[in-house]
Amino acid sequence: MLTIEEKIRIIKEIRDLESKYGYPPLTNVDLDQIDPKGVDAIAVGSLVLRNGYQVLVRRRDVPLQWIIPGGVIESGETVID
């Protein structure tokens with residue numbers, strides 16, 4: 001479980017990525033409106049393209065479906081990790 005401090009650090013990291021690359025990594029989230037106390041987990045995903053194909057992974061859990069690679073940020077990890 002992430003601490004409040006870790007959640008705040010990760011949200012700041014996302015903001016830094018936004019300013020570094022010039023576009024928001026999360027287009028449907030207003031980072032100024034996030035209350036870290038109300039965040040249960042922070043998850044990441046990555047769209048990987050290779051030779052015109054998308055890389056997808058099959059979920060282990062129900063529902064068994066194809067999704068983009070990703071996961072939940074664990075304590076001590078960064079967004080980039």
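**Stop one: the tail end**

Start by selecting glutamate 77, which sits in the segment after S6. Before going further, note that this is a predicted model, in which local features need pLDDT of at least 70 and side-chain atom pairs count only at pLDDT 80 or more, while totals for chains, interfaces and linings use all residues. Residues are numbered from 1 along each chain as its sequence is written, and side-chain values use heavy atoms, with hydrogens and water left out.

Now show what glutamate 77 touches: Arg9, Ile10 and Val72, not counting residues up to four places away in sequence. Contact here means heavy atoms within 4.5 Å. Draw a C-alpha to C-alpha distance from glutamate 77 to isoleucine 10 and you get 8.9 Å, for two residues 67 apart in sequence.

Step back to glycine 76, also in the segment after S6. Glycine 76 counts as exposed because its relative accessibility is 57%. Leaving aside neighbours within four places in sequence, glycine 76 is in contact with Glu6 and Arg9. Glycine 76 and glutamate 6 are 70 residues apart in sequence, yet their C-alpha atoms are 7.7 Å apart.

**Stop two: along the helix**

Zoom out for a moment. The protein chain has one helix and six strands, running in the order α-β-β-β-β-β-β. Helices (H or I, at least four residues) and strands (E, at least two) are DSSP runs, numbered from the N terminus.

Select arginine 9 and glutamate 13. Both lie in helix H1 (residues 4-21), four residues apart, or about one turn of the helix. The rule asks for a side-chain nitrogen of Lys or Arg within 4 Å of a carboxyl oxygen of Asp or Glu, and by it the count comes to one salt bridge. Arginine 9 is partly exposed, because its relative accessible area is 29%; glutamate 13 is at 17%, so it is buried.

Next, pick lysine 7, also found in helix H1. Buried or exposed? Lysine 7 is buried, because its relative accessible area is 6%. Hide its neighbours within four places in sequence, and the contacts of lysine 7 are Leu2, Pro36, Val39 and Ile42.

**Stop three: the core**

Which residues make up the largest nonpolar core? Select Leu2, Ile10, Ile14, Leu17, Val39, Ile42, Ile73 and Val79, eight residues in all. A nonpolar core is a set of buried Ala, Val, Leu, Ile, Met, Phe, Trp, Tyr and Cys residues joined through side-chain atoms within 4.5 Å. Center on isoleucine 10: beyond four places in sequence, its contacts are Leu2, Ile42, Ile73, Glu77 and Val79.

For the chain as a whole, 17% of the 81 residues count as buried. Among contacts with a separation of 6 or more, 55% are between residues 24 or more positions apart.

**Stop four: a pocket and a loop**

Now color Val57, Arg58, Arg59, Arg60, Asp61, Ile67, Ile68, Pro69, Gly70 and Gly71, the lining of the second largest pocket. Strand S4 (57-58) and strand S6 (70-72) are the elements that give two or more residues to this lining. On a 1 Å grid over the protein atoms alone, a pocket is an open set of points where a 1.4 Å probe fits, with protein on both sides within 12 Å along at least five of seven lines; lining residues have an atom within 4 Å of a point.

Finish on asparagine 51, in the loop between strand S2 (49-50) and strand S3 (53-54). Check its backbone: asparagine 51 has a positive phi of about 50° although it is not a glycine. Asparagine 51 is exposed, because its relative accessible area is 71%.

Key:
Buried means under 20% relative accessible area, exposed over 50%, partly exposed in between (1.4 Å probe, protein chains only).
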